[in-house]
Amino acid sequence: MEMISDREHILLAVIDRLRIIRATDAAWLAGYTDYTYCRKCLRKLCDMGLLQICRDSAGSNCYYLSGRGLAVLGKQTSHTYEVSATTHHALVVGRVCAWLRRTEGASPGELLTDSVLRSKGDKQRHRPDIVFRGHAYEIELNHKPLSLLEKNIRDNNSYQQQVWITPDNRPSIARNLHSCAQRVGVRIQTIPLAEIEKQVATADIHKNKRDTGTWDEIESVVSMSATHSMSKYTSYFKK
């Protein structure tokens, strides 16, 4: 059976870290410098049964690991991702991570998502969507009670800064956040999601950094070492 390259192994690890992702964001985070080549690798991994595909509201392909893909990463006991009402939010998390790589040079291992924080034993009732270099990033796409917003802003005050990404078609969400922050006595920043989408869409993928960090940095929730993992998927495909 066809083998997978080191870069494709990193691609699997990035997708596992984000749970579900679009091709554009996967290309940025896995260190590709060509969208076409990344999509070719994604198709190959799908054909090998390591990835599954669904479509977002715009009809774009979104990728998540199959049970077989999880097994390649040594996660035989993990459950595959289930597409649900929260999938759009998960995809936006991936887009923000790609934006942070484009604008701040973030490596995948630096981007601590809620699921990664939870796997590391963070038992806080509220965890930011992304923690990056001491900053909390929150994706707020829907209206929530003001009391809950105030609580979350207060909980995030332990970070150096908190950045909230909000949709353009619901400007009242950003207004509510700023009002709540003022009542709590905390400074926050809000960024329109459309601006992030624009920056990622117009960015030159050819300028992407190929260095994504080490395997251990990317897939920090896997207990296997990189060497053991690589030998595991080699023997797996020989079966």
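# Close-up views of the model

**View A. Met48 is a buried residue, with a relative accessible area of 8%.** Buried denotes a relative accessible area under 20%, exposed over 50%, and partly exposed the range in between, computed with a 1.4 Å probe and protein chains only. The structure is a predicted model, in which local features need pLDDT of at least 70, side-chain atom pairs count only at pLDDT 80 or more, and totals for chains, interfaces and linings use all residues. Residues are numbered from 1 along each chain as its sequence is written, and side-chain values use heavy atoms, with hydrogens and water left out. Met48 lies in the loop that joins helix H3 (35-47) to strand E2 (51-55); helices (H or I, at least four residues) and strands (E, at least two) are DSSP runs, numbered from the N terminus.

**View B. The whole chain provides the setting for the close-ups.** Its secondary structure consists of 11 helices and eight strands. Of the 239 residues in the chain, 50% are buried. Among the contacts with a separation of 6 or more, 68% join residues 24 or more positions apart, where contact means heavy atoms within 4.5 Å. The chain exposes about 11,700 Å², of which carbon and sulfur atoms supply 48%; accessible areas come from the Shrake-Rupley method with a 1.4 Å probe, and for residues only the protein chains shown count as cover.

**View C. Glu8 is a buried residue of helix H1.** Its relative accessibility is 4%. Setting aside neighbours within four places in sequence, Glu8 is in contact with Met3, Tyr32, Cys41, Lys44 and Leu45.

**View D. Thr24 belongs to helix H2 (residues 23-29).** Thr24 is buried, at a relative accessible area of 18%. Beyond its neighbours within four places in sequence, Thr24 is in contact with Tyr35, Arg39, Arg95 and Val200. The C-alpha atoms of Thr24 and Asn61 are 9.9 Å apart, and the two residues are 37 residues apart along the chain.

**View E. Arg19 and Arg133 each have a positive phi.** Most residues other than glycine have a negative phi. Arg19, which is not a glycine, has a phi of about 80° and is found in the loop between helix H1 (6-18) and strand E1 (21-22). With 33% relative accessibility, Arg19 is partly exposed. Arg133, likewise not a glycine, has a phi of about 50° and is found in the loop between strand E5 (130-132) and strand E6 (135-139). Arg133 is partly exposed, at a relative accessible area of 44%.

**View F. Helix H7 (residues 146-155) packs against helix H8 (residues 171-184).** Two packed helices are described by the angle between their axes and the distance between the axes. Here the angle is about 60° and the axes are 9 Å apart; axes are lines fitted to C-alpha atoms, for helices over the stretch in contact, and angles run from 0 to 180 degrees between N-to-C directions. H7 is therefore oblique to H8; angles under 35 degrees count as roughly parallel, over 145 as roughly antiparallel, 65 to 115 as roughly perpendicular and the rest as oblique. Leu146, Leu149, Glu150, Ile153 and Arg154 of H7 meet Asn176, Leu177, Cys180, Ala181, Arg183 and Val184 of H8 in this contact.
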